[in-house]
Amino acid sequence: MKTIYILWLRELLRYKRSRVQIIASLGQPTLYLFALGFGLGPVFLKAGNGSYLQFIAPGIIAMTILFSSVFAGIGLLWDRQFGFLKETLIAPVPRLEIMIGKTLGSVTVAIIQGLLVLVVCLIAGFRPANWAVIPVALFFMVMVALVFGALGTAIGSTLQDMQGFQLVMNFLVLPLFFLSGALFPLNNLPKILDAITRVNPLTYGVDGLRAAFLGSSHFSALTDAVALAAVAFVLLWVGSYSFSKIQI
Amino acid sequence: MIHVANLTKKFGENLAVNDVSFHVQKGEIFAFLGPNGAGKTTTIKMLTTLLTPTGGQIQVNGFDPLRQQMQVRKQIGIVFQDPSLDGELTAFENLDLHGVLYHVPRKQRRERMEMVLKLFDLWERRNELVKKFSGGMKRRLEIARGLLHAPLILFLDEPTLGLDPQSRNQLWKQVKHLNESEGVTVFLTTHYMDEAERVAQRIAVIDHGKIVALGSPAELKTRTNTDSLEEAFLALTGSTIRDESATSVDQMRQFGKMWRR
Ligand SMILES: Nc1ncnc2c1ncn2[C@@H]1O[C@H](COP(=O)(O)OP(=O)(O)OP(=O)(O)O)[C@@H](O)[C@H]1O
Ligand SMILES: [Mg+2]
């Protein structure tokens, strides 16, 4: 228990101290929100889909959590590079506890980032349909953070050096975001795109957040929750397995 | 305390540790000396559960590092050759984290943290981020951390790397003190022969993954017919540079030296 707590605390301390990084990581979502929300807004409205800002705000929040949690998991690479990983792996504590502590730390940091972006959205004019559903929204934020934090851990345990990082970014993280329905509605999609969005876990995260914030969604909130829980379960298992196999 | 029989480690085709056998007694200070790339760190990693051997048997205080990882880890403290601190945390936080990982109770943790920080002259700077420390201060903190949980067996992989004479003196004084007062068994490597001679009761010289000599400093000198451990070491391991990364200029310089002798 104490092991989990101290490693969770470490992630938070590191986060708190990286002010520049916090600001930098908020810049991107803010840009998307303003450029797309306001830029494409009129077109979206004309097509009869309502306010685009309302539509993409949950998508941007999901994106923030996606980036933040995957990067936190890949932070293992930095720990390896700077040697700190040895210190944790050689300690007389089960690796699973180390992995849980780290993942919970990543999840917490990702949620904080998500909430900060929610505030930015509110400032930009985003209005949730109903404030009472904030706990539901939080639940979906945690699920997204868990799924992608675990994915990040799995990747971070497998990659040996920084070379693979760009690859992961371009061929995994960005496609996950762009092919998730964060930016466009899921109805009437071409067949291939429809199929891709359906296997992309982020789709269910974004949809769940929309269900919570706007009260309208493509799937049902229950479907979203079950899909995310199933993927989280599998990825946490894969993450722990690959973490347990790390050799220094 | 440490029993090693026919220990072997292969990295691909490279035989880093080749059929090594030795024993370390309880309460002994044992030094592992050898040129760069001889296999010292690799051996330590296998003894401390970090690396899986290709062949051979190991027992650390009766436990097998391969199958009884937790038991072995509870007995040992280690100062790695490479850095392993978290630069984004303070000295205090680094130690606290270590104390928690090694199950040191809170009250005792505070006391021991204060003790080791003062011992290595870091108490005043305990609340500074480690990334702002000088190289030697980081090294001192690594050593302090290795001692924090009062291990039964202490592994020191080139602990004095980058330390000033004062800190080195302090380190070896402490190591001797721990060894004499608490019976801590010490397994160390160093490239400074005077240090090995000063603290180690027995020395194993390893070269190309094989132990080429084992005995007390005096025995090694007698066996090689030399006056200093340094000369004994060179007699046992030759004087060509072993580091694969050594440039040809280095090698030429080395040859030049040999020629002039
Ligand atoms: N992870 C690894 N993968 C492949 N080869 C390795 C690895 N670690 C060590 N080696 C090789 O094993 C051999 C022994 O290395 P080791 O680090 O044990 O030497 P050492 O005696 O500690 O040397 P030094 O005095 O330079 O620290 C070297 O040839 C090295 O290149
Ligand atoms: Mg070494």
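These entries record what I looked up in the structure, which is a predicted model.

**Entry 1: the contact between the chains**

I began with the contact between chain A and chain B. Chain A contributes 22 residues to the contact, and chain B contributes 33 residues. I then looked up the buried area, which is about 2,400 Å² between chain A and chain B. Carbon and sulfur atoms give 61% of that area.

**Entry 2: polar and charged pairs across the interface**

I next asked how many salt bridges the rule finds across the interface of chain A and chain B. I found five salt bridges there. I looked up the pair Arg17(A) and Glu93(B), whose side chains form a salt bridge with an N to O distance of 2.8 Å. For polar contacts, I recorded eight residue pairs between chain A and chain B, with both residues at pLDDT 80 or more.

I then turned to the elements on the side of chain A that touches chain B. Those giving two or more residues are α1 (2-17) and α5 (84-89) of chain A. The largest share, eight residues, comes from α1(A). By residue class, I listed 12 nonpolar, four polar and six charged residues on this side of chain A.

**Entry 3: the magnesium ion**

Which residues coordinate the magnesium ion (ligand 2)? I found Thr41(B), through OG1, and Gln81(B), through OE1, at 1.9 to 2.0 Å. The pair links distant parts of the chain, 40 residues apart. Thr41(B) lies in helix α1 (residues 40-47) of chain B, while Gln81(B) lies in the loop between β5 (76-79) and α3 (91-101) of chain B. I also looked up accessibility: Thr41(B) is partly exposed at a relative accessible area of 23%, and Gln81(B) is partly exposed at 26%.

**Entry 4: Thr190(B)**

I located Thr190(B) in the loop between β7 (185-189) and α7 (193-199) of chain B. Is Thr190(B) buried or exposed? Its relative accessibility is 2%, and buried means under 20%, so Thr190(B) counts as buried.

I then looked up the partners of Thr190(B). Its side chain reaches the backbone nitrogen of Tyr192(B) at 2.9 Å. The side chains of Thr190(B) and Glu195(B) are joined by a polar contact of 2.9 Å. Leaving aside neighbours within four places in sequence, I noted contacts of Thr190(B) with Phe32(B), Leu33(B), Glu158(B), Thr160(B), Glu195(B) and Ala196(B).

Notes. Residues numbered from 1 in each chain as written. Chains lettered and ligands numbered in written order. Predicted model: local features only at pLDDT ≥ 70, side-chain atom pairs only at ≥ 80, totals over all residues. Heavy atoms only, no water. Contact = heavy atoms within 4.5 Å. Buried area = accessible area lost by both parts, 1.4 Å probe. Salt bridge = Lys/Arg side-chain N within 4 Å of Asp/Glu carboxyl O. Polar contact = N/O pair within 3.5 Å; in protein donor to acceptor, adjacent residues only side chain to side chain. Helix = DSSP H or I, 4+ residues; strand = E, 2+ residues; numbered from the N terminus. Nonpolar A, V, L, I, M, F, W, Y, C, P; charged D, E, K, R; others polar. Donors = N, O, S within 2.8 Å, 3.2 Å for Na, K, Ca; no water. Buried < 20%, exposed > 50% of the residue type's maximum accessible area, 1.4 Å probe, protein only.
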